[in-house]
Amino acid sequence: MIRRLRIKFVCINMTIVTVMLCAIFVMVLSFTKTNLERESIRMLQTVALDPMRLGHPGEVSAGVRLPYFALQLGTGGDLVAAGGGYYDLTDAELLRELAALSTASPQQTGVLSEYGLRYLRVSTPTAQCIVFADISSEVSTMNHLVRNCLLIGSLSFAAFFIVSLLLARWAVKPVEVAWTQQRQFVADASHELKTPLTVILSSTQLLREEGADETTRARLTDNIFSMSRQMKRLVESLLELARVDSGFSDKPLSAVDLSKAVTEAVLNFEPVFYERHLELDSSVEEHILVRGSEAHLKQAADILLDNARKYAAPESRVEVSLKRVGRKHCLLSLASAGAALTQKELKDIFKRFYRADSARSRDGSYGLGLSIAEGIVKGHRGRIWAESREGVNTFLVRLPVCRENGY
């Protein structure tokens, strides 16, 4: 699919480039040809308006820059005079043929391509003047321009093709990453659902067999109930992740007191931390307002606190801090002592179904919490990341504050 997408991207780019190059070259050729014709006709008109010079060979009228000659015909169409300083006008038969061809046309101006001449007829009450100009230089100029356009077009096409290949790789890269992540997500979700489903089916099959005592039945029923709750939590997490991925554009956003939300989350988790013999300290600056969804921001704070509860070292301290950073942002941080995270773990920890400690894969954690928190933070135009220094792991969230803060 990715390869087809790249090919489609290149084809669309090259189609656009080809159309644009053709349009540009057609306009250049058209404008150049029109200008050359206009200059040639203007020169013919200059000569035609100066009929007194027809009999003075070698004299050139002002504004004349092309080889030309003029014929003057009488009222009966007979050749009366011929003049011009660039042609041998001794061949009377040729001159009569040129005069006949030019007068046979209904147009006052035209081109005799077989002779390489452009003509202009000017009629007076007593005579008719026909001026001819050589167009060989005009044709040569146009041919040279066409060759240059074809050469430039070919080089430009090749250059744009190479650029399109590079752009296709760059543009499709996010799609490729998303596609890979989606496939990995489906595989991980299937794996997480496979184990509880297997336990439920096996327990159900054993329950249906005859001869099972009450103790066995109770144990099997407990297994089914436990696996069902585990699947329920997983499905709820998947649905929440899907809702977060859909964004918050369809939900009304308002000014949320983040200080209050974080304080409430800390108060709710204090008994849980106490049961695990963990200290929970908080330093929350008051009246920090952010624009967003209060429910989702609370959920993000709960996820970070729950993550700290699970992975903090026994009898250690978890420190929660919320403060303003500069005039436009605030910073929420949760620091806890624990096993140091490697650089790879710091990079992968927000991936779906990722667990830094595989031994905790069956404590109700599926590795989706931090992914949900990341989606919530990004949906609020913020940034979330993790740091690990000297045995202390810190999760940080940077969010833009509201103008209501006075900043």
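Predicted model: local features only at pLDDT ≥ 70, side-chain atom pairs only at ≥ 80, totals over all residues.
S259 sits in helix α5, which spans residues 258–275. H287 belongs to the loop between β7 (279–284) and β8 (289–292), and E315 to the loop between α6 (294–311) and β9 (317–325).

**S259 and its contacts**

- S259 has a relative accessible area of 4%, so it counts as buried, the cut-off being under 20%.
- Leaving aside residues up to four places away in sequence, S259 touches V284, E285, E286, H287, I288 and L322.
- E286 is 27 residues from S259 along the chain, yet their C-alpha atoms are separated by 5.5 Å.

**Polar atoms around the S259 side chain**

- A polar atom of the S259 side chain lies 2.5 Å from the backbone oxygen of E285.
- The backbone nitrogen of I288 lies 3.1 Å from a polar atom of the side chain of S259.

**Residues with positive phi**

- Most residues other than glycine have a negative phi.
- H287, which is not a glycine, has a positive phi near 55°.
- H287 is among the residues that S259 touches.
- The relative accessibility of H287 is 54%, so H287 counts as exposed, the cut-off being over 50%.
- E315 is likewise not a glycine, and its phi is positive at about 55°.
- E315 is exposed because its relative accessibility is 68%, and exposed means over 50%.

Notes: Residues numbered from 1 in each chain as written. Heavy atoms only, no water. Helix = DSSP H or I, 4+ residues; strand = E, 2+ residues; numbered from the N terminus. Buried < 20%, exposed > 50% of the residue type's maximum accessible area, 1.4 Å probe, protein only. Contact = heavy atoms within 4.5 Å. Polar contact = N/O pair within 3.5 Å; in protein donor to acceptor, adjacent residues only side chain to side chain.
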